[in-house]
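My notebook is open, and I am starting with one residue before I step back to the whole chain. Come and look along with me.

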Amino acid sequence: MSKVANIQAEIEQLGGQIFDLADKYGNSRSLFGKKDFYGRLMEWSMRDPLFKTQMFRFVDVLPNLRSSDEVVSHLSEYLNDTRTPVSTFLQGALRVGSFIPPVSAAIIRKNIGGMANIFITGADSKSALRNLRKICKEGARFTVDILGEAVVGEREADEYAIRYRSLLDFLAEHTKSWQTSAPISENEPPFVNISIKISALCARIRSSDPETNIAAILSRLKPIALRAKELGAFINLDMESHGLKELTLELFKRLADEPGLSDYPHLGFVIQAYLRDSYRDTEKILKWAQQRNRQFTIRLVKGAYWDFEKVFAAQRTWEIPVYTSKIETDANYERITRLILENRRYVYPAFASHNVRTISCAAAYARTLGLTPGDYEFQMLYGMATSIRRALVDLGYRVREYCPIGELVPGMAYLVRRLLENTSNEGFLRARFGANTSITELLRDPASQLMERGDRLIHHADNPATHRSLHHRPISSDSVPSFANEPPADFTSSSVRKKMAQALQSVRSKFGHSYPSIIAGRPRISGELIRSVNPARPDEIVGLISTAGAGDVVDAVAAAKRSFADWSKAPGEDRCRLIELLAAKLRENRYDLAAWEVFEVGKNWSEADADVCEAIDFCVFYAQEMRRLNEGRLTQETAGEVSIESYLPRGVGAIIAPWNFPLAILCGMTVAALVTGNTVVIKPAEQSSVIGAQFMNLIEESGLPDGVANLLAGNGETVGSLLVVHPDIDFVAFTGSREVGTEIWQMAGVTHLNQRNLKKVVCEMGGKNAMIIDTDADLDEAVLGIIQSAFGYQGQKCSALSRLITIGETHEQLVPRLIEAAAALNIGLPEHPSTDMGPVIDQAAFQKIQSYIEIGKREHTLSYQGHIPSGLRGFFVPPTIFTDVDPASRLAQEEVFGPVLSVHRAEDLDEALKIANASPFALTGGLYSRSPRNIAQVRSEFLVGNLYINRPITGAIVGRHPFGGFKMSGSGTKAGGHDYLLHFTFPRVVTENTLRHGFAPEIHRQSSADTG
Ligand SMILES: Cc1cc2nc3c(=O)[nH]c(=O)nc-3n(C[C@H](O)[C@H](O)[C@H](O)COP(=O)(O)OP(=O)(O)OC[C@H]3O[C@@H](n4cnc5c(N)ncnc54)[C@H](O)[C@@H]3O)c2cc1C
């Protein structure tokens, strides 16, 4: 028999024994076969996916519900959406509840509390002690983890560190006499064993700056580890989402190298086998161990965040970091199993799985290497597979149970993960105990199953194009690819961080150059040169800008007009290709462009990168949209007649752009005009003129004919107005303030004698955006969403949050955490990767924001104002929060365009909506709520252009969130949406009578009506 067949035979034999013994204990079977609330919930959830979603959502919100009425109404709202007999049954129970809610609510809480107790060992260390003792009496060991809410501030992170230290002391003291009755006590790892999530030890993790994160976490983790060493205890670093993986591994190495710990072997971390790069990570860390002759523990898991990783990566157009088929994960787990067993010298392996095949494989392979059960251990989650744990103990293996402790509210995320795992279609426990899959099937070798399928494991190591864009497919004219957004830079990757750092250095060396206007392809320096400065260090000149005058305006418009004839007639496909070439140029220069934004407008790394990505998206999206428009549209199928609607360009456009999205908005408005066949005169904001010049440079490099796009550098007030009133300007695309926007609207309405067309104005203005926080909101998420929406890019986005409306008692819980989270924001130079908030754009903005802060101080309660670190000399304004703000006050009604948030209280949702809608603007709005009924009401009654539910209100993505508002926020055009290009065209219909002497040809749906 071959070695492989031998091992398979041994796995089957051991697996059979485990199953036999587990059946004897029978607990896990009853986990699925129970007739209690949990058993029913599992059974119904597995039968009905909609019920599962709704019920798990209810479980998630339950601990936050304060009154019995709320419990009963939420359950009925969630079940309303399901149509199954199950929900009919529960609805019957709820009808009783509608008469006597306290009774129903108490029963519901008791059942869900009981269900949580299956998986959570105790509300605190004291109450967990009895269950921990039981585990030990049954011959197993434990590792204890403290469940918690997301940490948003330094105080919360400090508290966690204190709780972990107390836990160590508590366990050391109370478990002294327990160390008996394990199958293998020889060489046993420390009895006291805790598991820590690193995110609980850091107020704010910034992917762009691992060094600062590591320093912050180490400052809290090291004392815990030193205390563990004093007590002879074990510390494990759990692994969370993929975004924290590099950080966790690096942190582990740094901790292990710390003086006082470099000889301590009782430290460990987790490898998640569902990650494609996990095998390579394990190899790398083994090499590190080899170099230092270092010993430690690896807990090998499959991974608990599979759904999240898929969604998170897909939303960013990143390559999905996890395997997408379960057998790939299983096969990879076994491959890493072999690798760490072969390196037993350095690694004490802890195989964390409830899957009997996975477990048997580890034991069988260990035996072939001559290892004994004391050389490694198995780990399981508390409450998940007690019968398998007991079977393994009986068979003489060392087993440790992972025991979370905590209250129900922080425990909910953990509970829902367990419920999901237990009802997952692909999970082992469900297959074995829920679906009665045969033992032979359950013990099959995943690697051979993969081979049978003709697949092999693909690792990131095999595939160097990790994190590449998914949509860089060649485009051919006969295949219109589906649009995919440009992937944002993944700053968790060190090579990406390096590129950004290099770009910052290289761009800085180009400071101080002069930038001309470009008219008909020729540079023209005119007027005096004005300085564009770095708002973080105003004495630093980023570039010198020519100031175009009236003559330049006349020449630029004339150049655009001359070019219109050819450009508008060029085949639409040619224009699309040129715009796609521009996208490629932007992509090629993405880090340099982001670096210019960091210096010229004070964006931090991620904000700057996001703006460049959006610019690329606009090019690709509008090119694709143009192909669709280009086909024309058969208006109606009528025998004997063909009517085709197609689109003509409007003419010459003025593109007047703002500084806050200096590339994205400038590029979006420009390419929408160009791709539809118009020619343009571009006027970037003077504060972001250098970025405008970089953009113009790339337009030229992309090969657009001279004169199709012309750039006027300089002062907006003079050049902008001259452009708008010019009789040869056919349309204006403007984004900026309400004052300027309404003025342009008015000026464009005046028709001159020799004017060709009525001027169209595509106008996007500001907002006074509100967010409502419902009584049942997930405050962990709400706090982070508010911080991002209100203080991202210093509040200088038209979509930024400036009015926060809390309902009922939410205020008391939310505001202190919000203040803590605001205090954790790092104010600094945007070029530093750790900076959250940089300067506001210029002196005028600084003064305007300060004047509103003074009004706020006079009229309302200043609840928080951040502190500007000494040594910063730029236009820095700290995050500022006012409470008790009258919704009719100036602070609540006027656009501040800075990091100033006013908080309003409402009695109920109706009042909250009234406050939210009482604004002259209607741009973005938001809601955090877990009540389906309230979500539905807000959907229909909150009147804004972009409404976001349970997420931040900034960061619209091209194609996904067509962006723009109404009222005084804009003319209702939606940038990045399907209708946007229409604003740059005249629709036209050509009708042909196709009947000739009674003969009518068949109608062909496909028609070509190139606008060119
Ligand atoms: C003691 C202990 C500690 C743990 N600590 C951590 C930790 O720190 N971090 C962490 O992330 N997890 C941790 N886990 C959780 C663990 O990842 C899950 O419990 C585990 O994945 C379930 O695996 P299994 O082998 O028991 O079950 P199985 O049913 O064999 O495997 C289920 C797993 O397969 C994977 N999977 C499911 N569907 C697919 C698919 N379509 N394609 C690819 N893969 C798929 C998922 O990882 C899923 O969890 C820990 C588990 C234990 C027992």
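Predicted model: local features only at pLDDT ≥ 70, side-chain atom pairs only at ≥ 80, totals over all residues.

Entry 1: Is H904 buried or exposed? I found a relative accessible area of 1% for H904, and since buried means under 20%, H904 counts as buried. H904 sits in strand β25, which covers residues 900–906.

Next I asked which residues touch H904, leaving aside its neighbours within four places in sequence. My list reads R803, L804, I805, T806, V885, D886, P887, A892 and I915. I then picked V885 from that list. V885 and H904 are 19 residues apart in sequence, yet their C-alpha atoms are 5.6 Å apart in space.

**Entry 2: a parallel pair.** I moved on to strand β20, residues 760–764. Four of the five residues in β20 are buried, so I noted the strand as mostly covered. Strand β19, residues 731–735, runs parallel to β20, and five bridges join the two. At one place in this pairing I saw V732 opposite V761 of β20. I reminded myself that strands of a sheet pair through backbone hydrogen bonds, either parallel or antiparallel.

**Entry 3: an antiparallel sheet.** For the other sense of pairing I turned to an open sheet of three strands. In what order do the strands lie? I read the order as β14-β15-β30, with antiparallel pairing. The edge strands are β14 (633–634) and β30 (985–993), each of which pairs on one side only. Strand β15, residues 641–649, pairs with β30 over nine bridges. One partner I wrote down is T991 in β30, which bridges to S643.

**Entry 4: stepping back.** How many helices and strands does the protein have? I noted 35 helices and 30 strands. The radius of gyration is 32 Å, close to the 31 Å that the globule rule gives for 1012 residues, so the protein is as compact as a globular protein of that length. Along the principal axes, the C-alpha atoms fill a box of roughly 100 × 80 × 70 Å.

Buried residues make up 59% of the 1012 residues. Among contacts with a separation of 6 or more, 77% join residues 24 or more positions apart.

**Entry 5: surface and charge.** I put the accessible surface at about 39,500 Å², with 52% of it belonging to carbon and sulfur atoms. Last, I looked at the 112 positive and 118 negative charges: their mean positions are 4 Å apart.

Conventions: Residues numbered from 1 in each chain as written. Heavy atoms only, no water. Pairing = 2+ DSSP bridges. Rg over C-alpha atoms; globule rule 2.2 N^0.38 Å. Buried < 20%, exposed > 50% of the residue type's maximum accessible area, 1.4 Å probe, protein only. Contact = heavy atoms within 4.5 Å. Areas by Shrake-Rupley, 256 points an atom, 1.4 Å probe, with all protein chains shown as cover. Lys, Arg positive; Asp, Glu negative; His and termini not counted. Charge placed at Lys NZ, Arg CZ, Asp CG, Glu CD.
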